[in-house]
Amino acid sequence: MDGTDAFDVFNPPELAEPRGWNHGLLAPAGGRVLFIAGQTAGGPDGHVETADFAAQFALALDRVLAVVRAAGGEPAHVGRMTVYVTDLPAYRDAHAELGAVWRARMGRHYPAMALVEVRGLVERGARVEIEATAVLPARRPRE
């Protein structure tokens, strides 16, 4: 499975046309499922250094992708993502910047996604938290 054929995409015509996500992705048989815990812009000490919404989104997404890469995957292996935000208007206002952040990291790969506004996040100052599920290729037998 490479990045171009990691999933079969399903966007039924009776559902609204997705923009920036897909309604459904079907993982290939034999793939390994990787669950990525919620990631924020907090550093190793948990301290969030910036209040900028787009910068926090970028750092949280970078941390999600660091877990994917550590497991041997790539961004195209992310099949599902949930983005939690504490300020939905800030998300909407940063839409253009977020699109640039997304394209720089994910290209034109769009997982099945949900965006949820929450009252707060555990890390003080965090405005964005991203959790994800990836499906990595099956391990090849040792030769």
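Analyst: The following account begins with one residue and then follows its surroundings.

This is a predicted model, in which local features need pLDDT of at least 70 and side-chain atom pairs count only at pLDDT 80 or more, while totals for chains, interfaces and linings use all residues. Residues are numbered from 1 along each chain as its sequence is written, and side-chain values use heavy atoms, without hydrogens and water.

His-109 is placed in the loop between H3 and S5; such helices (H or I, at least four residues) and strands (E, at least two) are DSSP runs numbered from the N terminus. His-109 counts as buried because its relative accessibility is 14%, where buried means under 20% relative accessible area, exposed over 50% and partly exposed in between, with a 1.4 Å probe and protein chains only.

Beyond its neighbours within four places in sequence, His-109 is in contact (heavy atoms within 4.5 Å) with Phe-7, Leu-25, Pro-75, Ala-76, Val-78 and Trp-102. At Val-78, the side chain of His-109 reaches the backbone oxygen at 2.6 Å. This is a polar contact: a pair of N or O atoms within 3.5 Å, one able to donate a hydrogen and the other to accept it within protein, with residues adjacent in sequence counted only if both are side-chain atoms.

Strand S6 itself (residues 128-136) has eight of its nine residues buried.
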